[in-house]
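Okay, thanks for coming, everyone. Let me put the model up and talk you through a helix pair and some salt bridges.

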Amino acid sequence: MAKKVVGQLKLQIKAGQANPSPPVGPALGQRGINIMEFCKAFNARTQDLEQGAPVPTVITYYADKSFTFETKTPPASYYLKKAAGLKPVGKRNRPKGSEKPGREVAGTVTVAQVREIAQAKMKDLSANDIEAAMKIILGSARSIGIEVKG
């Protein structure tokens, strides 16, 4: 007999840096999920990714307090900001896009870099081929004020 699914939880956790502190600990604890077991499993699964890259994670938890989780690739905006060489700013020390996308340019990337990002994100995008995936990435670049040079 299959386990009874109680619910799903979506978190964005830095690769290899899951720990019981907020936001991970409280989110898992209030649902009765073993926090340390999740942290160890997550860190083991993301050890081959770049440390500190934000990893969208979908956690499915069951009535018997067990869980499974699926990790996705880091967001396109993360890859774009990294490729454009944007420097971390602000309270959270994260790279920032343009204040006025479409009017101000925060940085530039090449078409080759967009293709590379599209290939990395291909499994998480709803695109049938690399050209369609590149259009999705181009839209993300436009929305954060990154210009694409030929």
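I'll start with the ground rules, then the helices, then the charged pairs.

This is a predicted model, with local features needing pLDDT of at least 70, side-chain atom pairs counting only at pLDDT 80 or more, and totals for chains, interfaces and linings using all residues. Numbering runs from 1 along each chain as its sequence is written, and side-chain values use heavy atoms, with hydrogens and water left out.

So, the helices. Helix α3 covers residues 76-84 and helix α4 covers 111-121; they pack at about 150 degrees with axes 10 Å apart. That angle is over 145 degrees, the cut-off for roughly antiparallel, so that's what we call α3 and α4. Who touches whom? Taking contact as heavy atoms within 4.5 Å, Ala76, Tyr79, Leu80 and Ala83 in α3 meet Gln113, Ile117, Ala120 and Lys121 in α4. By class, that's 6 nonpolar, 1 polar and 1 charged residues.

Now the charges. A salt bridge here is a side-chain nitrogen of Lys or Arg within 4 Å of a carboxyl oxygen of Asp or Glu, and the whole structure has 4 of them. One joins Glu50 and Lys82, at 2.5 Å from N to O. Those two sit 32 residues apart: Glu50 in the loop between α2 and β2, Lys82 back in helix α3. Glu50 is partly exposed at 38% relative accessible area (partly exposed lies between buried, under 20%, and exposed, over 50%, using a 1.4 Å probe and protein chains only). Lys82 is partly exposed too, at 47%.

Another salt bridge pairs Glu147 with Lys149, at 3.7 Å.

Methods:
Axes are lines fitted to C-alpha atoms, for helices over the stretch in contact, and angles run from 0 to 180 degrees between N-to-C directions. Helices (H or I, at least four residues) and strands (E, at least two) are DSSP runs, numbered from the N terminus. Angles under 35 degrees count as roughly parallel, over 145 as roughly antiparallel, 65 to 115 as roughly perpendicular and the rest as oblique. Ala, Val, Leu, Ile, Met, Phe, Trp, Tyr, Cys and Pro count as nonpolar, Asp, Glu, Lys and Arg as charged, and the others, Gly among them, as polar.
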